[in-house]
Amino acid sequence: MTSTDSAPSAVPTSDYDPFTTEALADPIRYDGELREYASVVHLTKYDVYAVTRQDQLRQVGRDRKKFSNKSRAFADLSPYKPTLMLFQDPPEHTAIKKLALELFSKENLQALDAAFRDEAEQLIAGVMTDGAVELDAVDAIGTKFITKVFLDALGAPEEGRELLKHFADAALNSTAPKNDLYYRKHAIGAPALEWVEENTKRETAGQQGWGKQVYTMVDEGRLSEEDGQQLVKLVFAAGFDTTVGSISNSIRAFADNPDQWALLKENPDLVDNAIEEVLRYYPPVRYTGRVAAVESEVDGYVIPEGAQMMTMWLSGSRDPRFWENPDAFDIRRENISGHMSFGVGIHACLGQHIARMETRAVLTALLSHVDSMQLTGEPEVSDNMQGFGFTKIPVRFLSKRS
Ligand code: HEM
C-alpha cells in the first residue's frame, strides 16, 4: 500500500485494491492494514471512500441524512440485487421496512424458532450417530440446515433448492467491481436466477410461508405487485449465504478455540454471547456502502458531496481502538454486542433475529451432542467480494456419550 497523503483534512489516498486474489484470501489482514492506515481512505483505483474504523462506521451508518443509501460504491443495477429497501432513503424506505417487519412478528418468530430447533436437533443427532465423525461443516451443517429451514420459511418448493447458494453467491458479488470474478459468479448464478425469478412470483411464492404473507399485503393494496416480488427476492438474496456463514463460521471459531467450546459447554447460557462474538470475529458481510449526500466531515477528513463510499464492517470488527485484543475469540468479552456485523442505523439488517435464531438452534444442538471439535484440514476462504466466509471447513466432532 503506498500513500500520497496531502493537505490537512484531505482524505488520505491509497492504491489498495480490496478485490485482488490476495486481499480476498485474507480480508481480515488486508482490510485491517487499511484500517490501521486511516479511518477514511480514498481508494484511487475505484474512486471510492472506504470507512474503516468502528467509531467512524457508526457515525456514517447512523447519519442517514448525510450518508444516503440511494447509491453507493459499485451500485450498478444487477438482476441479483433487488433495489428495494437497501437502495432507498426515507420515506420510501420507512414504508417498505415497516411492512417487511411484519414478516418477523413475535408469533412468526416463535413458530420459526420451534421449527429451527427441531430441525437442528434432527440434523446434529443424525450426524452424531457415532462417537466421532468427520465432515465439511459448510456443506453438511450450514448449507444443509439453511437450505431446509430458510426455504421452508419462505415457502419455496423442494425442487431446485440447491441452486439458491449460487444465486446468493452472485448477489453478494454484485455490489462489487465488474472484474472476472464478478462475471464468473454471475454466469454460475444464471440458472439459479431463473429459479429465483420463478419462485418469487405470486403463483409459486404466494402459496405459503413469508411469500404468502407478502402477496397478502399486495392483495390488501399495501404493496405493489412489483415491490412484493422484489421483497421476496431480497429476502432470498440476503438471508442465505449470510446465515450459512454465521453457522459455519461459529464451528470454525470453536474448532480453533477448544477452550471457548469447553467454556460454552460448562456455561450454555453464554450461547447468545457466543453468537455475537462469532458475528464480530467472522462477519459474513465484509462491506456495504453509502453515497455522501452533502460534503461531510468524518474524523476530521472532508468527504466530497457525491462520494461513493464503502462501509468496511469487517475491518471495524477488529478495530483495536474499540475491541481489546480484537484477534482473540472470546465469548466473555465485555462490549460483545457492540459489533456492526448487521450494519447500524435505519438500514440495520431486517433478518437479524432470524439469523440469531438459526445460529442459536444449531449451536444448542451441537452443545447437546458434541463434546469437542477440531479441524482436520485447512478451511478454504470463499472467493467472495462483498461477503466473508468459507467454502470448506473440514472438522471432526467427538462425543463420549455415543
Ligand atoms: C448472519 C446473517 C446476516 C448478516 C451478517 C447480515 C448483514 C446485513 C448487513 C450488513 C446489512 C446492511 C446494513 C447497512 O448497509 O447498513 C443487512 C441488511 C439487510 N438484511 Fe441482513 N444479514 C444477515 C441475515 C439476514 C437474513 C436472514 C435476512 C432475511 C430474512 C436479511 C435481510 C436483510 C435485509 C432485507 C436488509 C436490508 C435492510 C434495510 O435496508 O433496511 N439478512 N444485513
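Colleague: How many bridges join strand S4 (residues 67-68) to S6?

Modeller: The model is predicted: local features need pLDDT of at least 70, side-chain atom pairs count only at pLDDT 80 or more, and totals for chains, interfaces and linings use all residues. Residues are numbered from 1 along each chain as its sequence is written, and side-chain values use heavy atoms, with hydrogens and water left out. Helices (H or I, at least four residues) and strands (E, at least two) are DSSP runs numbered from the N terminus, and two strands pair if DSSP finds at least two bridges between them. S4 and S6 run antiparallel, with Ser68 opposite Val291 in S6, and the number of bridges joining the two strands is two.

Colleague: Which residue in S9 is the bridge partner of Gly289?

Modeller: S6 is also joined to strand S9 (residues 308-311), by four bridges, and these strands run antiparallel. The partner of Gly289 in S9 is Met310.

Colleague: Which strands are the edge strands of the open sheet?

Modeller: Six strands form this sheet, in the order S1-S2-S3-S9-S6-S4, with mixed pairing. An edge strand here pairs on one side only, and the two that do so are S1 and S4.

Colleague: How many of the five residues of S6 are buried?

Modeller: Buried means under 20% relative accessible area, exposed over 50% and partly exposed in between (1.4 Å probe, protein chains only). Thr288, Arg290 and Ala292 point one way from S6, whereas Gly289 and Val291 point the other way, and all are buried. S6 is thus mostly covered, and its count of buried residues is five.

Colleague: Is Thr13 buried or exposed?

Modeller: Thr13 lies in strand S1. Its relative accessible area is 15%, so Thr13 is buried.

Colleague: What is the distance between the end C-alpha atoms of helix H12 (residues 241-256)?

Modeller: The expected span of a helix is 1.5 Å times one less than its number of residues. H12 has 16 residues and should therefore span 22 Å, which agrees with the model. H12 is mostly covered, with 14 of its 16 residues buried. Its end C-alpha atoms are separated by 22 Å.

Colleague: Is Gln122 buried or exposed?

Modeller: Gln122 has its place in helix H5 (residues 106-127). Its relative accessible area is 56%, so Gln122 is exposed.

Colleague: How many aromatic pairs does a search of the whole structure find?

Modeller: Rings of Phe, Tyr and Trp (its six-membered ring) pair if their centres lie within 6.5 Å; planes under 30 degrees apart count as stacked, over 60 as edge-to-face and the rest as tilted. The number of such pairs found is 18.

Colleague: How many residues apart are Phe19 and Tyr287?

Modeller: These two rings form an edge-to-face pair, 6.0 Å centre to centre with 70° between the planes. Phe19 is in the loop between strand S1 (13-14) and helix H1 (21-25), and Tyr287 is in the loop between helix H14 (271-281) and strand S6 (288-292). Both Phe19 and Tyr287 are buried. The pair links distant parts of the chain, with a separation in residues of 268.

Colleague: The charged end of which residue sits over the ring of Trp323?

Modeller: A charge sits over a ring if NZ of Lys or CZ of Arg is within 6 Å of the ring centre and within 35 degrees of the ring normal. Trp323 counts as buried at 1% relative accessibility. The charged end lies 5.2 Å from the ring centre of Trp323 and belongs to Arg280.

Colleague: What is the radius of gyration of the protein chain?

Modeller: The chain comprises 16 helices and 13 strands. The radius of gyration is taken over C-alpha atoms, and the globule rule is 2.2 Å times the number of residues to the power 0.38. That rule gives 21 Å for 402 residues, and the chain is close to this value, so it is as compact as a globular protein of that length. Its radius of gyration is 21 Å.
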